[in-house]
Amino acid sequence: MSKRQSSSAAAMQTLRGRIIDGTYEPDSRLPSTTAIAAEFGIDRGSASRVLARLREAGLIITRPGSGSFVRSFKPIRRSFPGRMFSWRDGRAIQDADTGHRPRAVDVVISEVPAPSPIAEILAVKADAPVVMRSRRFLVEERPVQLARSYYLPDMVRGTGIVYTDTGPGGAYARLAEIGHEPVEFTETLRARMPSPEETDRLELPGGTPVVVILRAAYAAEGRCVEVTEMVLDGSAYELEYSSVLS
């Protein structure tokens with residue numbers, strides 16, 4: 001990589017970080033190409049390309065005659081446990097979080113050895129084969145969450161859970177169809193700094209923490225029918241937990 005390319009990459013990473021961490025607030029104007037060029041030691045053409053990349057990433061918008069402005073990103077409000085039953089209306093659980101906001105998901109399905117903590121919750125031997133659905137969620141073109149869900153192969157084989165598109169209501173609706181409707185959920189949360197892979201896949205600026213959520217879903221007979229580990233961009237979410245006291 002040439003010195004110019006390195007400086008442009010540094011400008012891109014720094015400006016992106018300032019947008020995500022709030023240094024540049026939503027709807028605020030970014031520095032001009034002249035100011036960016038002066039700060040990072042690049043020419044104005046390179047500065048323009050940096051702004052173009054930020055625009056392509058969905059982080060800024062350009063208003064002719066006015067300049068480039070930070071695009072607003074409303075925090076995703078994730079409410080538990082209410083969101084867990086949206087599948088009964090044929091909706092994806094993510095719909096409860098984001099509504100009609102543009103959303104995309106990358107899905108990879110594979111059979112893997114059960115990681116030790118997952119095996120314990122599913123009540124199988126460590127390294128026993130399990131079906132894993134790995135996803136990366138993007139909202140308004142911004143990566144916000146990584147998730148891996150684990151299932152017993154004999155339970156889900158032949159269902160929509162082993163396909164990229166699980167159908168209306170998602171995986172929980174498919175579990176209900178085969179007599180394993182989830183009726184109880186537990187979640188454990190912890191905050192930490194992301195791994196290099198998580199930083200890359202979530203496109204996190206330096207210093208951004210993640211929230212890790214481990215969720216178990218249980219059927220009426222008390223059997224665990226799914227375990228999901230989620231890694232959330234800590235700057236993108238608001239987490240709400242509620243309960244009903246008897």
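**View 1. Lining of the largest pocket in the predicted model.** The 27 residues that line the largest pocket divide into 11 nonpolar, 9 polar and 7 charged, where Ala, Val, Leu, Ile, Met, Phe, Trp, Tyr, Cys and Pro count as nonpolar, Asp, Glu, Lys and Arg as charged, and the others, Gly among them, as polar. Nearest the centre of this pocket lie Ala-92, Arg-135, Phe-137, Thr-166 and Gly-170, and the space in the pocket comes to about 530 Å³. Two or more residues of the lining come from each of helix H4 (93-98), S4, strand S5 (129-139), S6, helix H7 (170-177) and S9; helices (H or I, at least four residues) and strands (E, at least two) are DSSP runs, numbered from the N terminus. A pocket is an open set of points on a 1 Å grid over the protein atoms alone, where a 1.4 Å probe fits, with protein on both sides within 12 Å along at least five of seven lines, and lining residues have an atom within 4 Å of a point. The volume is the space filled by probe spheres set on the points, which are joined across faces, edges and corners. This is a predicted model, in which local features need pLDDT of at least 70 and side-chain atom pairs count only at pLDDT 80 or more, while totals for chains, interfaces and linings use all residues. Residues are numbered from 1 along each chain as its sequence is written, and side-chain values use heavy atoms, with hydrogens and water left out.

**View 2. The second largest pocket.** About 290 Å³ of space lies in this pocket, and of its 17 lining residues Ile-19, Ile-20, Pro-26, Phe-73 and Arg-142 are the closest to the centre. The lining is made up of 8 nonpolar, 4 polar and 5 charged residues.

**View 3. The open sheet of 6 strands.** The strands follow the order S4-S5-S6-S9-S8-S7 with antiparallel pairing, two strands being paired if DSSP finds at least two bridges between them. Strand S4 (103-113) and strand S7 (182-192) stand at the edges with a single partner strand each, so one side of each has no neighbour in the sheet. From one strand to the next the twist averages 15 degrees, with axes as lines fitted to C-alpha atoms and angles running from 0 to 180 degrees between N-to-C directions. Strand S6 (residues 142-151) is joined to the antiparallel strand S9 (residues 224-233) by 6 bridges, and Leu-146 stands opposite Val-231 in S9.

View 4. Beyond its neighbours within four places in sequence, Ile-121 is in contact with Leu-214, Ala-216, Tyr-218, Cys-224 and Val-227, contact meaning heavy atoms within 4.5 Å. Ala-216 is 95 residues from Ile-121 in sequence, with 7.6 Å between their C-alpha atoms.
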